[in-house]
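Me: I would like to learn how to read surface patches, helices and salt bridges in a model. Could we take them in turn?

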Amino acid sequence: MPLTSLSFLYLFLPASLAVYYLFPRQLRYGALLGISLFFFLLADLPALLLLSLSVTADYGLGLLMERFEERNRRRKAIMLLIVGKNLCLFFGVFCFCQLRGAPVPLGLSVCTLLGVGYGVDIYNGEALYEHNWCKFLLAHILFVKLPAGPLVRYRTLREQLGEKKADLAGMAGPICLFIQGVSKQALLGAPMQRMYQSLTGFAPAKHSVFSLWLMPLCAAMSLYFTLSGYCDMARGLGGMFGVELPRNFYYPYQSRSVTDFVGRFNISVTSYLKTYIYHPLGEDSGGFVSTALNIGVVTLLWGLWFGLRINYLLWGLYFLLLILLERSVWGKILIKLPTFFSRIYTFSLVLFSFVIFNGKSLGESLFFFRGMLGLGGLAPATSSSMYLASQYLPYLILAVLFSTSLPHSIKSALQTKSPAAACAAGALCYSVLLVLSTGFILHP
Amino acid sequence: MRSQKRLSLFLLLLFFIPGILFLLGGGLGDLPLPSLSELWDGGANDAANAAVEESFFGRDALSYMAASLQTMLGRNQQNGCLYSTDGILQNLPDADEKITAENLAALQDYAAASPAPCYFLLSPTSVAIQQDKIPSLALDSLFNQKQYIQRCYSALSSRFHTIDGYNNLFAHQSEYLFYRTDSRLTALGCYYLYASAGEKLGYSARPIDDFSIAHPLHDYCGNLSPLVPYAQVKPDILSLFFYQRHNREIRLIENPLENTSSKELYDLSLLNGADPLQVYLGANGGVADLVADNTPFNGRLLVFTDGGCNALFPLMAIHYRQIRVVDFRSATASQLALIQPEEFDQVLFAFSLDSFGYERILSSISGKK
């Protein structure tokens, strides 16, 4: 069930909130589990069965691990079994779906990687063994984060389930965040996606230098507004049900270096990879080669998060190269550069990265690169590309504007200056955004 | 704290009210109960969402608002159509070359076996003629219909007489040649095709003043309206041409292969039906005859067509004793088998480019269906 569908927005969500708050506080996690199961049942029944079995196995293995003493080798074997089983499930199903051209089951990555984290955490003593199967299952299949994350550590989630008091006064923030996510996706993400698809539909002869520059720009905006929109929705929904989820994007397109960008884009994935791969590998405590290897593993997996494709691997490799260059060659110069220039530097390199990200093959990406630099013998602009740009120009301008922190700064300034006015303006703005988004969902 | 509570309550109501209105409007009954197979393949969700969208409170107003805003922001294309307040134009992709070659080969085969001379009229669609309604930047990306028609014509052998409808239509591009909300030609558009075809078919086209024109329908919304449902386009007007001279009476026989009773040329009751354009050739039974009384002409014309210019044939009928019109889309194999081409003096293939370039239309006519 897409979070931006009308059946979710105006039926499932209000009904879920009503059910959740009708239950006494101690039993609310049970209600939330029921709601999540119902959501999963409607959205992807095969995935629900598969992942419930997998989660139950992790739960059982966790209890088994608890029986053994700290230094017992069997504990390690069980931990490896949990990790191995989840990774096999993740990659196996992912490859199977990719080969058959089928959609990846809902929540596959979120559930399996949470399971991996749980296994490692209880082995290291960083998380408590879970004795409540319902809470364990809920942490894995909590419906708000199933569609697009964020990826959260088990212990972070476990602490919050059913414990935190959610009251009416505290609901405004999460609802606003949810509406913000819906608007990001419906009002900017979807049009940017349509523009990008129109550009990819151009025959090579119809391409121009201009259209080739537009392509990565649209791809970057579409990806950002779709993913960050879904993450805002998840965080907003989480807040409504008393679960605080971390942010996944922090204005990545105004980063001051590529290293900074990696830390702001898909933050929960970066953080997960750092916790479970980069730290155990020794971070940057070794020499240059060891550090490069450690960063390399994390960055490549960061790229492969989007799918098992050679271009995603190259995307990760591209960032690895730039991060290493920043660390060892021009990082210090970047810090001294005025903000404007360092942001232009980063955004240009990120834009180029989307040429790799979106290419169907390395050859296609190279064709786009050459074209962008004016080396492919393409016209500077064609009427087709100008026409397309004219149709989507306002969306593109708004997308660039809203990908920066400027709107947030204005909102914060207003809140500081006049909280009452900010509250009224917020009510007006968010209700207009919701009405507009509903219109755009009905008439995409 | 209090203002936060109020804000929360207000925002919550934004989600609750549409849901409650949906339920009060009987929406719950419209929600389909999912079957196990629908749950298994994810279809349950789509069905439920479609039901909610269908009965959503204020759906039309919200969609209209979104469409207006999108148009204001520069959007003028939807579902393969270009639109403006002047009308909806179907933007055709490049024609399918393989299908075109097959259709042309089928035409050649037919002409080789036919004792009667064959004629071919390939009419362009509105997007090629009404270029003044299209943003100049979009023109380059349009499929070049003129070139395509010329290519098709030159691919046919000398056994075929080709009819140029393009230039005459283009010369009158500012007139009401195509419906604003339909992909088909208006009666006036068909009149210009009729005028263009006269020289090749051997009749002298009557000036437009020889016809009295009635406009019995003023709120026609054609087949393109559902593709751009909230475009602010005025509905269309349907016109009927009546030849006023020489007391000539043209009558229509629907399904003449099984029926001989004729009726008046235009059955006005069809204007209230699902497709008011059926008024030109009757409810579509696949085959229709137009027969003329009090006529000095003895010619018989067999027409294979696609329904794109049905208003053309009542005009042509004043120059023939009989015109048999076969709609390739709805004619059955048994109907086609009963048609005797040797009974006719001329055979006309009148197709619109939006079917000829994309559908295997002649395999059915040549019996290869």
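**A nonpolar patch and its helix**

Reply: A nonpolar surface patch of about 740 Å² is formed by A:Leu168 together with B:Leu9, B:Leu13, B:Ile17, B:Ile20, B:Leu21, B:Leu24 and B:Phe57. Bear in mind that this is a predicted model.

Me: Where does B:Leu9 lie, and what does 46% relative accessibility make B:Leu9 count as?

Reply: B:Leu9 is in helix α1 of chain B, residues 2-24. Buried means under 20% relative accessible area and exposed means over 50%. B:Leu9 has 46% relative accessibility and therefore counts as partly exposed.

Me: Which residues of α1(B) are buried?

Reply: The general idea is that an α-helix has 3.6 residues a turn, so residues three or four places apart point the same way. In α1(B), the buried residues are B:Leu7, B:Ser8, B:Leu11, B:Leu12, B:Phe15, B:Pro18, B:Gly19 and B:Phe22.

Me: What do the buried residues of α1(B) pack against?

Reply: They pack against elements of both chains: α1 (6-22), α8 (172-200) and α18 (419-442) of chain A, and α2 (27-30) and α4 (43-54) of chain B.

Me: How do I read the geometry of α1(B), starting with what it reaches from its first C-alpha to its last?

Reply: Compare the span with the value expected at 1.5 Å a residue. The 23 residues of α1(B) reach 31 Å from first C-alpha to last, close to the expected 33 Å. Then look for a bend: α1(B) bends by about 30° at B:Leu14, and the proline B:Pro18 follows within four residues. Last, check what comes after the helix. Just after α1(B), B:Gly26 takes a positive phi of about 80°.

**A buried serine**

Me: Is A:Ser36 buried or exposed, and what does A:Ser36 touch?

Reply: Read the accessibility, then the contacts. A:Ser36 is in helix α2 of chain A, residues 28-43. Its relative accessibility is 0%, so A:Ser36 counts as buried. Leaving out residues up to four places away in sequence, A:Ser36 touches A:Leu138, A:Ile141, A:Leu142 and A:Phe143.

**Salt bridges**

Me: How many salt bridges are there over all chains?

Reply: A pair counts when a side-chain nitrogen of Lys or Arg is within 4 Å of a carboxyl oxygen of Asp or Glu. By this rule there are 19 salt bridges over all chains. One of them joins A:Arg153 and A:Asp121, with the closest N and O atoms 2.8 Å apart. That pair links distant parts of the chain, 32 residues apart: A:Arg153 is in the loop between α6 (133-141) and α7 (154-158) of chain A, and A:Asp121 is in helix α5 (residues 108-124). A:Arg153 counts as buried because its relative accessibility is 18%, and A:Asp121 is buried with a relative accessible area of 1%.

Me: Which side chain meets A:Lys184 in a salt bridge?

Reply: That of A:Asp232, at 2.8 Å from N to O. This pair also links distant parts of the chain, with A:Lys184 in helix α8 and A:Asp232 in helix α9 (residues 209-240) of chain A, 48 residues apart. A:Lys184 counts as buried at 13% relative accessibility, and A:Asp232 counts as buried at 7%.

Me: Which side chain meets B:Asp289 in a salt bridge?

Reply: B:Arg324, again at 2.8 Å, N to O. B:Asp289 lies in strand β10 (residues 287-293) and B:Arg324 in strand β12 (residues 322-327) of chain B, so the pair ties together parts 35 residues apart in sequence. Both B:Asp289 and B:Arg324 are buried.

Me: Which residues are joined into one network by salt bridges that share partners?

Reply: A:Asp121, A:Glu126 and A:Arg153 are joined in this way.

Definitions and conventions:
Residues are numbered from 1 along each chain as its sequence is written. Chains are lettered from A and ligands numbered from 1 in the order in which they are written. This is a predicted model: local features need pLDDT of at least 70, side-chain atom pairs count only at pLDDT 80 or more; totals for chains, interfaces and linings use all residues. Side-chain values use heavy atoms; hydrogens and water are left out. Patches are made of residues with over 30% relative accessible area and no salt bridge: like charges are joined within 9 Å, nonpolar side chains (Val, Leu, Ile, Met, Phe, Trp, Tyr) within 5 Å. Accessible areas come from the Shrake-Rupley method with a 1.4 Å probe; for residues, only the protein chains shown count as cover. Helices (H or I, at least four residues) and strands (E, at least two) are DSSP runs, numbered from the N terminus. Buried means under 20% relative accessible area, exposed over 50%, partly exposed in between (1.4 Å probe, protein chains only). The expected span of a helix is 1.5 Å times one less than its number of residues. The bend at a residue is the angle between axes fitted to the seven residues ending there and the seven starting there. Contact means heavy atoms within 4.5 Å.
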